Amino acid sequence: MAEELNERIAKFLAKALAVMCVRNTSLEGIHAGICPVTHTGDYSDVVVIDATGRRIPWTRVSRIDDDEMRDLMRQVVNRLYTAHLYIDDPGLNGVLGWAEMLAKRWDEPKLDETTMEDIRRTRELQRMYQSNGE
């Protein structure tokens, strides 16, 4: 029962924090551009021609530059930091409830395999260090 409740809370927080800390950031400005049309469905038929005349396949184009990425990461980190610092504040709970409503139609969260692999690898390293140190 407690595990079920923890999972429900984690799903709620994942969606609400995604809206609050990622969705409504400078990412919106990057996303607001014109999306190219593709007939193949995989964008292999789309190219970008830059100022030097290079034809760059859409699948190889960087759609966010270093400054935009840096700004986005600062916003996300600052918002996550603020949320963690004020996690027990009733005002934040209201914001999270509002954010959850915006994400109501989103897919349910699931465990990320890359992160899980990192966790498994780290656990194994910790076990190795503990057994070597004893």
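Trainee: Why is Ser26 called partly exposed?

Mentor: Ser26 has a relative accessible area of 27%. A residue is buried under 20%, exposed over 50% and partly exposed in between, using a 1.4 Å probe and protein chains only. The value for Ser26 falls in between, so the label is partly exposed. Before we go on, remember that this is a predicted model: local features need pLDDT of at least 70, side-chain atom pairs count only at pLDDT 80 or more, and totals for chains, interfaces and linings use all residues. Residues are numbered from 1 along each chain as its sequence is written, and side-chain values use heavy atoms, with hydrogens and water left out.

Trainee: Where is Ser26, and which residues is it in contact with?

Mentor: Ser26 sits in the loop between H1 and H2. Helices here are DSSP runs of H or I with at least four residues, strands are runs of E with at least two, and both are numbered from the N terminus. Leaving aside neighbours within four places in sequence, Ser26 is in contact with Asp71, Leu72 and Gln75, where contact means heavy atoms within 4.5 Å.

Trainee: What makes Thr25 buried?

Mentor: Thr25 is also in the loop between H1 and H2. Its relative accessible area is 8%, and that is under the limit for buried, so Thr25 gets that label. Not counting residues up to four places away in sequence, Thr25 touches Leu72, Gln75 and Arg79.

Trainee: How do you know that Lys15 is buried?

Mentor: By the same test: Lys15 has 9% relative accessibility, so it counts as buried. Lys15 lies in helix H1 and touches Ala103, Lys104, Trp106, Asp107, Glu108 and Pro109, not counting residues up to four places away in sequence.

Trainee: What makes the pair of Lys15 and Trp106 a polar contact?

Mentor: A polar atom of the Lys15 side chain lies 3.3 Å from the backbone oxygen of Trp106. A polar contact is a pair of N or O atoms within 3.5 Å; within protein, one must be able to donate a hydrogen and the other to accept it, and residues adjacent in sequence count only if both atoms are side-chain atoms. The distance of 3.3 Å is within that limit.

Trainee: Why are H1 and H4 described as roughly perpendicular?

Mentor: Two packed helices are described by the angle between their axes and the distance between the axes. The axes of H1 and H4 (residues 90-102) come within 8 Å and cross at roughly 90°. Axes are lines fitted to C-alpha atoms, for helices over the stretch in contact, and angles run from 0 to 180 degrees between N-to-C directions. Angles under 35 degrees count as roughly parallel, over 145 as roughly antiparallel, 65 to 115 as roughly perpendicular and the rest as oblique. H1 and H4 are therefore roughly perpendicular.

Trainee: What kinds of residues form the contact of H1 with H4?

Mentor: They divide into 11 nonpolar, one polar and one charged. Ala, Val, Leu, Ile, Met, Phe, Trp, Tyr, Cys and Pro count as nonpolar, Asp, Glu, Lys and Arg as charged, and the others, Gly among them, as polar. Met20, in helix H1, is buried with a relative accessible area of 13%. Met20 and Ala99 are 79 residues apart in sequence, yet their C-alpha atoms are 6.1 Å apart in space.

Trainee: Why are H1 and H3 oblique instead?

Mentor: H1 (residues 2-23) and H3 (residues 66-85) pack at about 135°, with their axes 8 Å apart. That angle belongs to the rest, so H1 and H3 are oblique. Their contact has seven nonpolar, no polar and one charged residues.

Trainee: What makes the pair of Tyr43 and Trp58 tilted?

Mentor: The search of the whole structure finds one aromatic pair. The ring centres of Tyr43 and Trp58 are 6.3 Å apart and the planes are at 35°. Rings of Phe, Tyr and Trp (its six-membered ring) pair if their centres lie within 6.5 Å; planes under 30 degrees apart count as stacked, over 60 as edge-to-face and the rest as tilted. The pair is therefore tilted. Tyr43, at 25% relative accessibility, counts as partly exposed, whereas Trp58, at 17%, counts as buried.
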